[in-house]
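The following dialogue shows how computed structural features may be read. Please keep the sequence and the coordinates in view throughout.

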Amino acid sequence: MVTFRQLRYLNALARHRHFGRAADACAVSQPALSMQIKDLEKDLGVALVERRSNDVVLTETGLEIARRGERILSEVNDLEDFARHRGGVLSGTLKFGVIPSIAPYVLPRLLPLLQEKHPDLELELRETQTRFLVEELVRGSLDVIMIALPAPHPEIETLSLFEDAFLLAAPSADALPNRQRITAEDIDQSRLILLEEGHCLRDQALAFCADASGGTLRELGATSLTTVMQMVANGYGVTLIPEIAVQVEARDERVKLARFAMPEPFRTVGLGWRRTSSRAQDFRALGEIVADVVK
């Protein structure tokens, strides 16, 4: 009979494509994981894995079983959540993922308030890029995520929390147009500094600046908005900064800000959770607190 343990091990193997790394992720020995995968193949009567010298490739059947197994494990997670958290709103463990362009500006204000209002809540935080948060949410490693909407997955239900406008950050010595608000055409793309690929903030800035004139983008591989803003402060270029980050990142007198003409570019920040989760009440309560904090 197929077991949840076997499905978890197969899921880990599909993600890591290596028996050793999959075993580490599952906190078991490599022989134990390998034996469970062989037992699963025997129980199902199909080959799930192509074993190679340096990595592992799942067969077409193995990939489909891993995909279906991931859905089963996710639903089991939700079932356990339903039983575990019937005692009250925002109690027990909550695995919460947040993207890097939101976490430093919301969490320091949010966490003390959550602790005060919901002392029985135990938060487990994860900060990483959207695509990783979505993957971990869908497979059940996270309960809820805070990202820029829309969520790039059909199995995720979302709740919009607030709109976050973008401003242009430039060195204080830069000459900007002599008017109250600027446009995308005022941005010299050859001086535009963005986060490295994979960050949704980069994609949103590129989408807004798509029609702006200028040269090639500066590829600097920055992984944090703090790094980008320090480069702006030191005269290396300009960037788009979300308004929620201004109080933290734009206090340097070497940086000046300019607002864009209406309609201003913005992102919608919200929460996302699995549609099958039984904790929607928790997530909506969390969303109300986040919205209050941001206001």
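Predicted model: local features only at pLDDT ≥ 70, side-chain atom pairs only at ≥ 80, totals over all residues.

Q: How many helices and strands does the protein chain have?
A: Helices (H or I, at least four residues) and strands (E, at least two) are DSSP runs, numbered from the N terminus. Here the protein chain has 10 helices and 11 strands. Its C-alpha trace spans about 75 × 50 × 30 Å along the principal axes.

Q: Into which domains is the protein chain divided?
A: Domain bounds come from an automatic or database domain assignment. In this chain they give domain 1 (4-83), domain 2 (85-161 + 269-294) and domain 3 (163-267). The centres of domain 1 and domain 3, taken over C-alpha atoms, are separated by 44 Å.

Q: What percentage of the residues count as buried?
A: Buried means under 20% relative accessible area, exposed over 50%, and partly exposed in between (1.4 Å probe, protein chains only). Of the 295 residues of the protein chain, 46% count as buried. The protein chain exposes about 15100 Å², of which carbon and sulfur atoms supply 49%.

Q: How is the length of helix 1 to be checked, and which of its residues are buried?
A: The expected span of a helix is 1.5 Å times one less than its number of residues. For the 13 residues of helix 1 (residues 4-16) this should be 18 Å, and the end C-alpha atoms are 18 Å apart, which agrees. Within helix 1, the buried residues include Q6, L7, Y9 and L10, as well as N11, A12 and L13. After helix 1 comes R17, whose phi is positive, near 55 degrees.

Q: Which residues does A66 touch?
A: Contact means heavy atoms within 4.5 Å. A66, found in helix 4 (residues 60-84), touches L10, N11, A14 and L58, not counting residues up to four places away in sequence. A66 is buried, with a relative accessible area of 9%. A66 and N11 are 55 residues apart in sequence, yet 5.5 Å apart in space, C-alpha to C-alpha.

Q: Where is Q36, and is it buried or exposed?
A: Q36 is in helix 3 and counts as buried at 18% relative accessibility. Leaving aside neighbours within four places in sequence, Q36 is in contact with T3, R5, Q6 and Y9. For the protein chain, residues 24 or more positions apart account for 74% of the contacts with a separation of 6 or more.

Q: Is E116 buried or exposed?
A: E116, in helix 5 (residues 103-117), is exposed, with a relative accessible area of 63%. The C-alpha atoms of E116 and W273 are 157 residues apart along the chain and separated by 24 Å.

Q: How many salt bridges does the structure hold?
A: A salt bridge is a side-chain nitrogen of Lys or Arg within 4 Å of a carboxyl oxygen of Asp or Glu. The structure holds 12 salt bridges. One of them joins R181 and E264, the closest N and O atoms being 3.2 Å apart. R181 lies in the loop between strand 6 (156-171) and strand 7 (193-195) and E264 in the loop between strand 10 (255-258) and strand 11 (266-274), so the pair ties together parts 83 residues apart in sequence. R181 is partly exposed, with a relative accessible area of 28%.

Q: Where do R259 and E243 lie?
A: Their side chains meet in a salt bridge (2.3 Å, N to O). The pair links distant parts of the chain, 16 residues apart: R259 is in the loop between strand 10 and strand 11, and E243 in the loop between strand 9 (239-242) and helix 9 (246-249). R259 is partly exposed at a relative accessible area of 27%, and E243 counts as partly exposed at 35%. Salt bridges that share partners join R181, E243, R259 and E264 into one network.

Q: Are R279 and D282 buried or exposed?
A: Both R279 and D282 are buried, and their side chains meet in a salt bridge (3.0 Å, N to O).

Methods: Residues numbered from 1 in each chain as written. Heavy atoms only, no water. Areas by Shrake-Rupley, 256 points an atom, 1.4 Å probe, with all protein chains shown as cover.
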